[in-house]
Amino acid sequence: MHLKLAQIAGIVRYEFRLHWRGRALLVITLALLVMNGITALVMSQSSDAMPDGLVLNHSAMSWATVGVTLAFLLPVVIADTIPKDRQLAVRELLDTLPMTQGAYLLGKLLGVYLAVLSGLAVVMVVTGGIDLALFGEVNLPSFAEIWLVGVVSMTILSGGLGVLLPATQPNRRRAVVLVIVVLVLTTLIGGRSFQAGTIESYLNPIHPPIIMYYLTGAAGTFGGAAVSEFTRGDVWLSIGAGLVEVVMVGVAVWMWSRWRENRV
């Protein structure tokens with residue numbers, strides 16, 4: 001048990017460093033910081049013409065950039081997390097070690113979570129500082145819910161599928177193409193996913209209830225009138241359904257990896 005935990009911790013550290021040594025995660029983090037800073041500056045300069053509730057809760061506007069990035073861009077960026085090991089012959093080296101497939105997959109997944117959430121933590125702190133500097137205050141309940149529920153849940157769900165869904169692909173290019181195709185298809189044919197109370201809304205991998213609630217439906221919490229049918233309950237149902245999807249895909253990938261290992 002101790003050996004397995006040590007192996008998982010080692011893969012987590014390796015994956016964390018690997019993602020931060022690359023450019024993609026750094027570029028996403030810097031882009032979010034810039035976009036949040038620009039929107040805050042524009043809102044502060046237009047504060048006389050805008051409702052106080054929207055001005056003082058710039059974090060709601062930040063969700064528009066962060067939420068969409070996590071839903072559509074993050075899965076594509078991390079799609080090659082497992083296939084690149086196979087393409088670069090790293091997986092063959094790991095297979096010579098006494099490491100189980102479950103430990104490998106869990107380590108890769110946790111490493112991605114740690115890397116992405118560490119970058120988003122920086123964005124959260126800087127965004128809060130910008131709000132305090134430009135608007136004079138931060139609505140802590142709203143701010144905390146958006147970042148600790150919305151952002152963290154989308155990172156876990158979108159990041160989990162982004163890592164596990166293309167795990168069976170032989171190279172990085174096919175992994176990225178697969179994720180892009182899945183995202184495009186679910187967006188194009190998932191019209192009912194944006195209707196509250198539908199099964200499709202909870203099962204859609206881009207998680208419309210989470211995106212739409214914090215984008216528009218929580219306006220009542222932020223000082224305005226709610227304009228979305230999605231409720232906080234829909235958010236939690238979407239999170240629960242998303243976790244089930246991640247677990248199911250993870251189990252399927254684990255079984256495929258075991259089958260492939262035994263066949264060889």
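Which residues touch the most other members of the largest nonpolar core? Select Trp63, Ile210 and Tyr214: among the 53 residues of that core, these have the most contacts with other members. A nonpolar core here is a set of buried Ala, Val, Leu, Ile, Met, Phe, Trp, Tyr and Cys residues joined through side-chain atoms within 4.5 Å.

The model is predicted: local features need pLDDT of at least 70, side-chain atom pairs count only at pLDDT 80 or more, and totals for chains, interfaces and linings use all residues. Residues are numbered from 1 along each chain as its sequence is written, and side-chain values use heavy atoms, with hydrogens and water left out.

Next, colour the helices that give two or more residues to this core; they include H1 (2–21), H4 (58–77), H11 (208–215) and H12 (232–263). Helices are DSSP runs (H or I, at least four residues), numbered from the N terminus.

Now look for aromatic pairs. The structure holds three. Rings of Phe, Tyr and Trp (its six-membered ring) pair if their centres lie within 6.5 Å; planes under 30 degrees apart count as stacked, over 60 as edge-to-face and the rest as tilted.

Select Phe143 and Trp147. Their ring centres are 6.1 Å apart and their planes stand at 35 degrees, so the pair is tilted. Both lie in helix H8 (residues 140–164), four residues apart, about one turn.

Move to Tyr213 and Tyr214. With centres 5.0 Å apart and planes at 75 degrees, this pair is edge-to-face. Tyr213 is buried at 5% relative accessible area, and Tyr214 is buried at 2%.

Ring pairs link Trp63, Tyr213 and Tyr214 into a cluster.

How values were computed. Buried < 20%, exposed > 50% of the residue type's maximum accessible area, 1.4 Å probe, protein only.
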